[in-house]
Amino acid sequence: MGLLTYVAVAAGAGGAVVSAPIVLGAIGFTSAGIAAGSYAAGMMSTAAIANGGGVAAGSLVALLQSAGMAGLSTAASAGVAGAGGAAGGLLALLI
């Protein structure tokens, strides 16, 4: 692996961790809860209808809401960094 690959992996990992809270807020998973009329509200509505009126604990909507309100846990940050690093590495292969 060349220097470009290492730089791309590091940038992807760091960028993913930094941008995750921004993206969550932008789609409606905020520190005050799910924003009315947002993409997150639509996800929550769909999940609740599919589950008979409530959002299931541990579902994607519940996990994103938790991350939006409290921030990413260490494990979630590691997962996001890993995904971002992998994306950066794949991009470096294409360049």
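The legends below describe a predicted model, first as a whole and then in close-up views.

Residues are numbered from 1 along each chain as its sequence is written. Because the model is predicted, local features need pLDDT of at least 70, side-chain atom pairs count only at pLDDT 80 or more, and totals for chains, interfaces and linings use all residues; side-chain values use heavy atoms, with hydrogens and water left out.

**Figure 1. Overall layout of the protein chain.** The protein chain holds four helices and two strands, where helices (H or I, at least four residues) and strands (E, at least two) are DSSP runs numbered from the N terminus. Along the sequence these elements follow the pattern α-β-β-α-α-α. The radius of gyration is 16 Å, well over the 12 Å that the globule rule gives for 95 residues, so the protein chain is more spread out than a compact globule. The radius is taken over C-alpha atoms, and the globule rule is 2.2 Å times the number of residues to the power 0.38. Taken along the principal axes, the C-alpha atoms fill a box of roughly 50 × 25 × 25 Å. Of the 95 residues, 23% count as buried; buried means under 20% relative accessible area, exposed over 50%, and partly exposed in between (1.4 Å probe, protein chains only). Among contacts between residues at least 6 apart in sequence, 56% join residues at least 24 apart, a contact being heavy atoms within 4.5 Å.

**Figure 2. Spans annotated as transmembrane region.** The unreviewed UniProt entry places the feature "transmembrane region" at residues 6–27, 39–64 and 70–94. UniProt positions are given in the numbering used here, feature names are shortened, and annotations may be inferred rather than shown by experiment. In the model, residues 6–27 are 95% helix and 0% strand, and the end C-alpha atoms of this span lie 31 Å apart. Residues 70–94 are 88% helix and 0% strand, with end C-alpha atoms 36 Å apart.

**Figure 3. Helix α4 and its buried side.** Helix α4 (residues 74–94) has 21 residues and reaches 30 Å from its first C-alpha to its last, close to the 30 Å expected at 1.5 Å a residue. The expected span of a helix is 1.5 Å times one less than its number of residues. Which residues of α4 are buried? They are G84, G85, G88, G89 and A92. These residues cover an arc of only 145° around the axis, which puts them on the same side of α4; the arc is that of the directions from the helix axis to the C-beta atoms. The buried residues of α4 pack against α1 (3–26). The face turned away from this buried side carries the exposed residues A75, L90, L93 and L94.

**Figure 4. Helix α2 and the elements it packs against.** The twelve residues of α2 should span 16 Å at 1.5 Å a residue, and its end C-alpha atoms are 17 Å apart, which agrees. A40, M43 and A48 are the buried residues of α2. Seen down the axis of α2, they fall within an arc of 130°, so they line one face of the helix. This buried set packs against β1 (29–30), β2 and α3. Exposed residues Y39, T46, I49 and A50 sit on the face turned away from the buried side. Just after α2, G52 takes a positive phi of about 80°.

**Figure 5. The largest nonpolar core.** Six residues, L24, F29, A40, M43, V61 and A67, make up the largest nonpolar core. Such a core is a set of buried Ala, Val, Leu, Ile, Met, Phe, Trp, Tyr and Cys residues joined through side-chain atoms within 4.5 Å. Helices α2 and α3 (60–70) each supply at least two residues of this core. Leaving aside its neighbours within four places in sequence, M43 is in contact with F29, L60, V61 and L64.

**Figure 6. Two serines in loops.** S38 lies in the loop between β2 (33–34) and α2 (39–50), and S31 lies in the loop between β1 and β2. S38 is buried, with a relative accessible area of 18%, whereas S31 is exposed at 59%. Apart from neighbours within four places in sequence, S38 is in contact with I27 and G28. With the corresponding neighbours set aside, S31 is in contact with G68 and M69. The C-alpha atoms of S31 and G2, 29 residues apart along the chain, are separated by 40 Å.

**Figure 7. A62 in helix α3.** A62 lies in helix α3 and counts as partly exposed at 21% relative accessibility. Leaving aside its neighbours within four places in sequence, A62 is in contact with V55 and A56. The C-alpha atoms of A62 and G15 are separated by 24 Å, the two residues being 47 apart along the chain.
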